Amino acid sequence: MSRIGKLPIKLPTGVSIAQKDNIVTVKGPKGELSQYVNPAIKVGVDEGVLTVERSTDSIEHRSQHGLYRALLNNMVTGVSDGYKKQLELVGVGYRASNTGQVLELSLGYTHNIYLELPAEVKVETKTERNKNPLIMLESADKQLLGQVCAKIRSFRMPEPYKGKGIKFTGEVIRRKSGKSASK
């Protein structure tokens with residue numbers, strides 16, 4: 001048995017699950033998420049506990065057993081608590097601001113970058129004196145939130161010499177010494 005796949009998922013209060021034609025829909029206070037599930041994987045709800053079982057022990061079904069359990073667990077956590085990510089802009093003159101769902105980034109290029117975010121992702125920017133600008137992102141969908149963060153980071157990846165770029169708050173950048181340190 002898959003160690004991850006056999007773990008039951010406790011459903012918090014206010015979270016409901018519906019299944020129709022291999023699509024599992026999870027509804028909660030933070031929103032609604034849907035996920036396709038392979039017909040060989042059985043999803044059952046009993047007294048507030050969600051279980052995932054596989055029909056055979058084939059390699060394909062064993063690999064999908066833990067995968068779908070993890071995806072469903074992320075959906076339940078997302079619609080009940082939500083996910084938050086915080087990005088930090090490190091660099092002289094780097095700025096971030098938002099107008100609704102449009103994020104404006106000034107990252108040292110000749111032009112500002114405007115990024116329209118999906119409606120499922122809430123964005124907030126914060127700029128304080130003598131501190132790096134912050135971008136706070138919040139969503140119920142963990143996968144979408146990760147994709148948005150990766151897209152924002154791709155505009156200025158953190159570089160190893162000075163540490164400039166867009167990084168997650170608390171992320172440690174492995175630093176390199178420059179060419180002068182080799183002598």
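## Overall picture

What share of the protein chain's contacts with a separation of 6 or more comes from residues 24 or more positions apart? The share is 50%. The model behind this value is predicted.

The protein chain holds 2 helices and 13 strands. Its radius of gyration is 21 Å, while the globule rule gives 16 Å for 183 residues, so the chain is more spread out than a compact globule. The C-alpha trace spans about 60 × 45 × 25 Å along its principal axes.

## Surface and charge

Of the 183 residues in the protein chain, 37% are buried. The accessible surface is about 11,600 Å². Carbon and sulfur atoms supply 50% of that surface.

The protein chain carries 29 positive and 18 negative charges. The mean position of the positive charges lies 12 Å from that of the negative charges.

## Helix α1

Helix α1 covers residues 59-80. Its 22 residues should span 32 Å at 1.5 Å a residue. The end C-alpha atoms are 33 Å apart, which agrees with that expectation.

Just after α1 comes G82, with a positive phi of about 85°.

## A closer look at H61

H61 sits in helix α1. Is H61 buried or exposed? Its relative accessibility is 15%. Buried means under 20%, so H61 counts as buried.

Which residues does H61 touch, not counting those up to four places away in sequence? They are A40, I41, R54, S55 and T56.

## Helix α2

Helix α2 runs over residues 142-154. It has 13 residues, which should span 18 Å at 1.5 Å a residue. The distance between its end C-alpha atoms is 18 Å, in agreement.

The buried residues of α2 are L144, L145, V148, C149, I152 and R153. What do these buried residues pack against? Their partners are strands β7 (83-90), β9 (102-106), β10 (113-116), β12 (134-139) and β13 (165-168).

Definitions and conventions
Residues numbered from 1 in each chain as written. Predicted model: local features only at pLDDT ≥ 70, side-chain atom pairs only at ≥ 80, totals over all residues. Heavy atoms only, no water. Helix = DSSP H or I, 4+ residues; strand = E, 2+ residues; numbered from the N terminus. Rg over C-alpha atoms; globule rule 2.2 N^0.38 Å. Buried < 20%, exposed > 50% of the residue type's maximum accessible area, 1.4 Å probe, protein only. Contact = heavy atoms within 4.5 Å. Areas by Shrake-Rupley, 256 points an atom, 1.4 Å probe, with all protein chains shown as cover. Lys, Arg positive; Asp, Glu negative; His and termini not counted. Charge placed at Lys NZ, Arg CZ, Asp CG, Glu CD. Expected span 1.5 Å × (residues − 1).
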